[in-house]
Amino acid sequence: MAIEKHKIVPHLWFEDNAEEAVNFYVSVFENSRITEVSRYGDAGPGPKGQVMAMGFELEGQSFAAINGGPWAKFNGAVSFLIHCETQEEIDAYYEKLAEGGQEQPCGWLTDRFGLAWQVNYARLPKMLTDSDAMRANRVMEAMLSMRKIDIARLDAAYEESSTLEAARA
């Protein structure tokens with residue numbers, strides 16, 4: 001596969017359903033496409049005609065996928081973070097990716113192929129690193145109580161600490 005757009009390309013290992021997974025991911029993200037497909041031939045090791053490897057892009061990020069057999073499985077040690085600006089974005093990505101998978105705390109989920117995702121608010125890193133420790137802690141507490149991220153609750157927690165500080169002054 002000649003995926004040359006990025007120097008570093010995430011490479012996803014599937015047992016035998018890379019084509020199904022890639023088609024699913026391309027359907028979830030608008031700015032996405034399949035760039036390359038190679039299939040097993042007579043030499044194998046997979047069944048002739050089955051996808052061996054695929055190149056694809058999600059929101060402009062290059063990826064590669066392979067049907068490599070049962071030896072490697074996904075786990076939460078590697079995940080893909082989706083920065084969302086609106087609740088509508090969070091809802092759409094979370095619901096599509098979680099279907100058939102498993103919801104987890106703090107905006108995390110594992111999709112039906114076993115790949116881990118974080119569907120999160122784009123402002124969250126700034127909120128969690130705010131110089132006002134009380135504000136950052138309130139946001140952390142709010143986030144830890146969520147499965148799917150709720151922007152209104154995060155914003156309320158963020159603003160609540162500054163409102164309390166102003167009332168104390």
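This is a predicted model: local features need pLDDT of at least 70, side-chain atom pairs count only at pLDDT 80 or more; totals for chains, interfaces and linings use all residues.
**View 1. Arg 33 and Glu 57 join two strands.** Of the nine salt bridges in the structure, this view shows the one between Arg 33 and Glu 57, whose closest N and O atoms are 3.3 Å apart. Arg 33 belongs to strand β2 (residues 32-39) and Glu 57 to strand β3 (residues 51-58), so the pair links parts that are 24 residues apart in sequence. Arg 33 is partly exposed, with 46% relative accessibility. Glu 57 has 10% relative accessibility and counts as buried, because buried means under 20%.

**View 2. Lys 148 meets Glu 95.** Here the closest N and O atoms of the salt bridge are 3.6 Å apart. Lys 148 sits in the loop between α4 (133-144) and α5 (151-168), while Glu 95 is part of helix α2 (residues 87-98), so this pair ties together parts 53 residues apart in sequence. Both partners are partly exposed: Lys 148 has a relative accessible area of 29%, and Glu 95 has one of 49%.

**View 3. Asp 155 pairs with Arg 123.** In this salt bridge, 3.2 Å separates the closest N and O atoms. Asp 155 lies in helix α5 and Arg 123 in the loop between β8 (116-121) and α3 (124-128), so the contact connects parts 32 residues apart in sequence. Asp 155 is partly exposed at 23% relative accessible area, and Arg 123 is partly exposed at 33%.

**View 4. Three residues form one network.** Back at Lys 148 and Glu 95, look for Asp 91 as well: salt bridges with shared partners join Asp 91, Glu 95 and Lys 148.

Methods: Residues are numbered from 1 along each chain as its sequence is written. Side-chain values use heavy atoms; hydrogens and water are left out. A salt bridge is a side-chain nitrogen of Lys or Arg within 4 Å of a carboxyl oxygen of Asp or Glu. Helices (H or I, at least four residues) and strands (E, at least two) are DSSP runs, numbered from the N terminus. Buried means under 20% relative accessible area, exposed over 50%, partly exposed in between (1.4 Å probe, protein chains only).
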